[in-house]
Amino acid sequence: MVSEDYYELLGVSRGADGATIKSAYRKLAMECHPDRHGGCSEKETQFKAITEAYDCLRDPQKRAAYDRFGKAAFQNGGGGQDPFGSAGFEGFSDIFSSIFGDFMDQQRGGGARANPARGADLRYDLELTLEEAFAGKEATLTVETLAKCETCEGRGCNSADNCARTCTTCSGMGKVRAQQGFFVVERGCPTCRGSGEVIADPCGACQGEGRALNRRKLTVKIPAGVDEGTRIRVANEGESGVRNGPSGDLYIFVHLKRHSVYAREGTTLVAECPVSFTTAALGGTISLPSLDGQKIELKIPPGVQSGEHLRQRGAGMAVLNGRGRGDLVARILVETPTRMSAKQKKLLEEFRDTETGDECPNAKNFFARVKEMFAG
């Protein structure tokens with residue numbers, strides 16, 4: 001038994017009515033409950049103290065005895081208390097029921113029946129070529145899902161009249177409550193599965209759900225410029241709800257096939273273009289196909305180096321939900337010949353004999369620094 005005065009523990013006057021005492025206890029219990037403080041021993045002691053005080057003052061007979069004799073009224077067989085007695089379970093249950101339960105009841109209109117359960121959302125993975133992603137397309141999807149039962153027209157019962165009855169387990173609320181220790185847990189009703197109703201004469205085709213597995217075709221417009229991972233929402237094309245409940249949504253996730261020429265980097269198309277070392281030295285042109293079917297010619301300047309980029313503005317990927325296009329980039333890769341004829345080798349040897357080092361300034365500077373290191 002705690003030594004502090006019960007009224008002071010709860011922060012109320014001795015003349016406070018029952019509603020004031022209960023309100024004060026609820027507030028303090030929420031603030032001091034040890035579960036909200038990681039099992040803090042100090043909070044646990046404080047919580048036990050205010051619970052003991054409330055258990056006494058909430059009972060008119062115990063309160064009258066406490067007002068006349070103090071804590072001595074409960075000592076030596078005079079009605080000692082269990083600090084986790086009726087106030088611990090009933091009182092704390094009242095707190096959660098009033099705070100959370102009342103709030104949820106208000107959200108669904110007091111004792112009104114639960115709304116029909118919404119159908120689940122569906123995911124569809126769509127694979128596109130880079131050309132299809134560039135231009136956009138109308139895609140025809142085959143979706144297998146729970147759709148409105150054609151036999152009972154979604155009612156869930158065999159008769160034309162509404163044969164749904166209020167669920168007696170949850171009284172039409174669609175949820176049931178169970179007390180677990182200090183907490184009141186609310187979950188979906190297992191009898192009606194959250195609908196608040198049960199079917200007296202269930203349809204044999206859908207077993208009373210009002211929906212059955214069905215395969216249907218759906219045409220969806222894919223906008224130009226979609227990228228890997230783009231998500232497209234199609235409202236109300238997911239699973240049908242139970243007994244004409246609202247349908248979920250269909251989410252289409254876009255995946256792009258690997259392209260034979262281009263890699264995509266946002267709205268930029270990148271092509272790795274190997275060129276011979278003679279073309280890199282003397283210059284030339286390369287031709288690339290645009291995704292819209294146009295031919296693009298890029299001029300290679302003499303002396304281009306491996307890894308340099310040649311850019312064509314406005315020849316890249318279409319911009320999603322916008323106007324214009326990105327760029328097309330040719331990444332030059334200078335290729336050294338691996339198979340040469342005797343004549344080609346002879347010509348290259350003659351060229352090497354005429355080299356002064358000025359033809360490749362980067363190589364000349366690098367080996368000059370290497371030579372200095374050896375000398376040092």
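**Salt bridges, helix packing and loops**

Colleague: Arginine 211 and glutamate 239: buried or exposed?

Modeller: Both arginine 211 and glutamate 239 are buried in this predicted model.

Colleague: What does arginine 211 form with glutamate 239?

Modeller: The two residues form a salt bridge, with 3.6 Å between the closest N and O atoms. This pair links distant parts of the chain, its members being 28 residues apart. Arginine 211 belongs to strand E7 (residues 211-222), while glutamate 239 sits in the loop between strand E8 (231-234) and strand E9 (250-256).

Colleague: How many salt bridges does the structure hold?

Modeller: There are 22 salt bridges in the structure. One of them joins the side chains of arginine 123 and aspartate 125, at 3.1 Å from N to O.

Colleague: Why does arginine 123 count as exposed, and where does aspartate 125 fall?

Modeller: Arginine 123 counts as exposed because its relative accessible area is 54%, and the cut-off for that class is over 50%. Aspartate 125, at 44% relative accessibility, is classed as partly exposed.

Colleague: Which residue does the side chain of arginine 155 meet in a salt bridge?

Modeller: The partner is glutamate 153, and the N to O distance is 3.6 Å. Arginine 155 has a relative accessibility of 24% and is therefore partly exposed.

Colleague: Which residues are linked in a network of salt bridges?

Modeller: Such a network links Arg118, Asp121, Arg233 and Asp249.

Colleague: Let us turn to the overall picture. How many helices and strands does the protein have?

Modeller: The protein has nine helices and 15 strands. It comprises 376 residues, of which 36% count as buried.

Colleague: What share of the contacts between residues at least 6 apart in sequence join residues at least 24 apart?

Modeller: That share is 66%.

Colleague: Now to the helices. At what angle do the axes of helix H3 and helix H4 cross?

Modeller: The axes of H3 (residues 41-57) and H4 (residues 60-69) cross at roughly 105 degrees and come within 6 Å. H3 is therefore roughly perpendicular to H4, because angles of 65 to 115 degrees fall in that class.

Colleague: Which residues make the contact?

Modeller: H3 contributes Asp55, Cys56 and Leu57, and H4 contributes Lys62, Arg63 and Tyr66. By class, the contact of H3 with H4 has three nonpolar residues, three charged residues and no polar ones.

Colleague: On to the loops. What is the phi of serine 171, which is not a glycine?

Modeller: Serine 171 has a positive phi of about 60 degrees. Its place is in the loop between strand E3 (164-166) and strand E4 (175-180), and at 54% relative accessibility serine 171 is exposed.

Colleague: And where does glutamine 207 lie?

Modeller: Glutamine 207 lies in the loop between E6 and E7. Although not a glycine, glutamine 207 has a positive phi of about 55 degrees, and its relative accessibility of 60% makes it exposed.

Colleague: Where does alanine 200 lie?

Modeller: Alanine 200 is in the loop between strand E6 (197-199) and E7. With 58% relative accessibility, alanine 200 counts as exposed.

Colleague: What distance separates the C-alpha atoms of alanine 200 and glycine 156?

Modeller: These C-alpha atoms are separated by 9.6 Å, and the two residues are 44 residues apart along the chain.

Key: Residues are numbered from 1 along each chain as its sequence is written. This is a predicted model: local features need pLDDT of at least 70, side-chain atom pairs count only at pLDDT 80 or more; totals for chains, interfaces and linings use all residues. Side-chain values use heavy atoms; hydrogens and water are left out. A salt bridge is a side-chain nitrogen of Lys or Arg within 4 Å of a carboxyl oxygen of Asp or Glu. Buried means under 20% relative accessible area, exposed over 50%, partly exposed in between (1.4 Å probe, protein chains only). Helices (H or I, at least four residues) and strands (E, at least two) are DSSP runs, numbered from the N terminus. Contact means heavy atoms within 4.5 Å. Axes are lines fitted to C-alpha atoms, for helices over the stretch in contact, and angles run from 0 to 180 degrees between N-to-C directions. Angles under 35 degrees count as roughly parallel, over 145 as roughly antiparallel, 65 to 115 as roughly perpendicular and the rest as oblique. Ala, Val, Leu, Ile, Met, Phe, Trp, Tyr, Cys and Pro count as nonpolar, Asp, Glu, Lys and Arg as charged, and the others, Gly among them, as polar.
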